[in-house]
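Subject: Structure for your review

Dear colleague,

Please find below the structure that I am handing over to you.

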Amino acid sequence: MSKVLSVFLLMLLSLPLPAQRYFTKAGTIYFNASGDMEVIDATNKTVTSVMDTKTAAIQFAVLMKSFQFEKALMEEHFNENYAESSKFPKAEFKGEIINNKDINYGKEGSYPAKVKGKLTLHGVTRDVEASGTITIQGGKVQALAEFVITLSDFNVEIPSLVKDKVSKQAKIKVDCLMELLKS
Amino acid sequence: MRKKSILYVLIILFFVGAAIVFYAYREFFRKAEDVSTVQSAYQRSAIELIQEFKSNEQASNTLYLGKVLSVSGMVKSVESSDGTFTISLGDTTDLSSVRCTLDSLHGAEAGGLRIGSSIAVKGYCSGFNADEMLGSDVILNRCALEMINEKK
């Protein structure tokens with residue numbers, strides 16, 4: 001009897017766990033590259049994000065032309081001169097949550113998270129690291145992170161004429177509320 | 001006589017200067033144009049548009065990026081988050097859609113939209129998000145509803 005039971009248990013254990021993937025297509029990325037003179041910021045509310053709670057993989061994809069600025073002129077300059085959105089329409093982050101084992105996805109709460117991976121922006125791929133929080137509530141996962149990138153790392157040039165107006169670094173805030181992907 | 005012409009020149013210069021300042025001021029504080037007042041550059045059905053992007057993303061980007069498109073199709077879903085409404089148009093059997101994020105000015109237009117009704121939406125095309133797992137979407141930004149054909 002115990003043999004049958006142990007075989008049964010072994011079978012149960014060897015069953016692959018269902019992949020726990022969460023996603024959103026309406027995440028938010030906000031950035032701020034204000035210099036001393038004026039506020040330069042924009043919000044993108046059409047961020048696609050997927051994460052896998054088992055493999056700790058997390059990724060974000062964003063279309064540059066979806067960044068909305070308060071001022072239309074600024075948005076045009078952003079797309080034409082800085083991000084060159086026609087040439088590089090998309091930015092992408094692919095990485096993993098390095099402290100994934102500390103996050104209990106089965107229990108509601110807020111957990112500090114560290115993410116590491118590759119960010120592709122303006123045709124340049126770089127390693128980036130960010131800290132944030134992962135909040136589990138009501139069957140949804142919210143990923144929040146904040147980090148800073150240096151624009152010259154991504155070959156984004158700031159003309160010397162406006163170098164006091166535009167910051168050399170951009171603060172980026174990510175906020176994605178993800179729901180379970182049914183597959 | 002000489003004094004008078006100098007005065008005229010000064011007056012003209014003043015008006016030219018004022019015009020430049022006025023123009024610069026307006027240009028600096030200009031808001032994005034309300035899409036409902038802009039003529040659309042192209043008219044496509046949602047299914048056509050998705051197909052075009054799927055078969056040649058680069059060519060479609062060249063053609064559509066930043067342009068105002070008028071896209072017709074069936075409402076698959078209406079989502080809202082933080083007061084921003086997104087209407088997905090397309091074929092319900094396909095994961096891919098044209099995702100239209102409504103301009104905050106036109107957000108109220110999403111109210112009362114029924115799933116399955118066929119509508120046309122106008123908006124600025126910001127590109128294509130290819131994803132095999134989630135479905136590949138064409139994204140329209142700052143959208144406004146153009147028309148609703150309710151099924152009777």
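Where in chain A is the place of A:Ser86? In this predicted model, A:Ser86 lies in the loop between helix 2 and strand 5 (90-97) of chain A. With a relative accessible area of 54%, A:Ser86 is exposed, because the cut-off for that term is over 50%. Apart from its neighbours within four places in sequence, A:Ser86 is in contact with A:Lys65 and B:Leu65. From A:Ser86 to A:Ile172 the C-alpha atoms are 21 Å apart in space, and the two residues are 86 residues apart in sequence.

Helix 2 of chain A spans residues 72-82. Its buried residues include A:Leu73, A:Met74, A:Phe78 and A:Tyr82. Just after this helix, A:Glu84 has a positive phi of about 45°.

I turn next to the interface of the two chains. Here 28 residues of chain B are in contact with 26 residues of chain A. Between them the chains bury about 2,400 Å², of which 52% is on carbon and sulfur atoms. Twelve residue pairs are in polar contact across the interface, both residues being at pLDDT 80 or more. On the side of chain B that touches chain A, helix 1 (2-28), strand 4 (98-102), strand 5 (118-129) and strand 6 (137-149) of chain B each supply at least two residues. That side of chain B comprises ten nonpolar, ten polar and eight charged residues.

The count of salt bridges between chain B and chain A is four. A salt bridge also joins the side chains of A:Glu70 and B:Lys31, at 3.4 Å from N to O.

Yours sincerely

Technical notes. Residues numbered from 1 in each chain as written. Chains lettered and ligands numbered in written order. Predicted model: local features only at pLDDT ≥ 70, side-chain atom pairs only at ≥ 80, totals over all residues. Heavy atoms only, no water. Contact = heavy atoms within 4.5 Å. Buried area = accessible area lost by both parts, 1.4 Å probe. Polar contact = N/O pair within 3.5 Å; in protein donor to acceptor, adjacent residues only side chain to side chain. Helix = DSSP H or I, 4+ residues; strand = E, 2+ residues; numbered from the N terminus. Nonpolar A, V, L, I, M, F, W, Y, C, P; charged D, E, K, R; others polar. Buried < 20%, exposed > 50% of the residue type's maximum accessible area, 1.4 Å probe, protein only.
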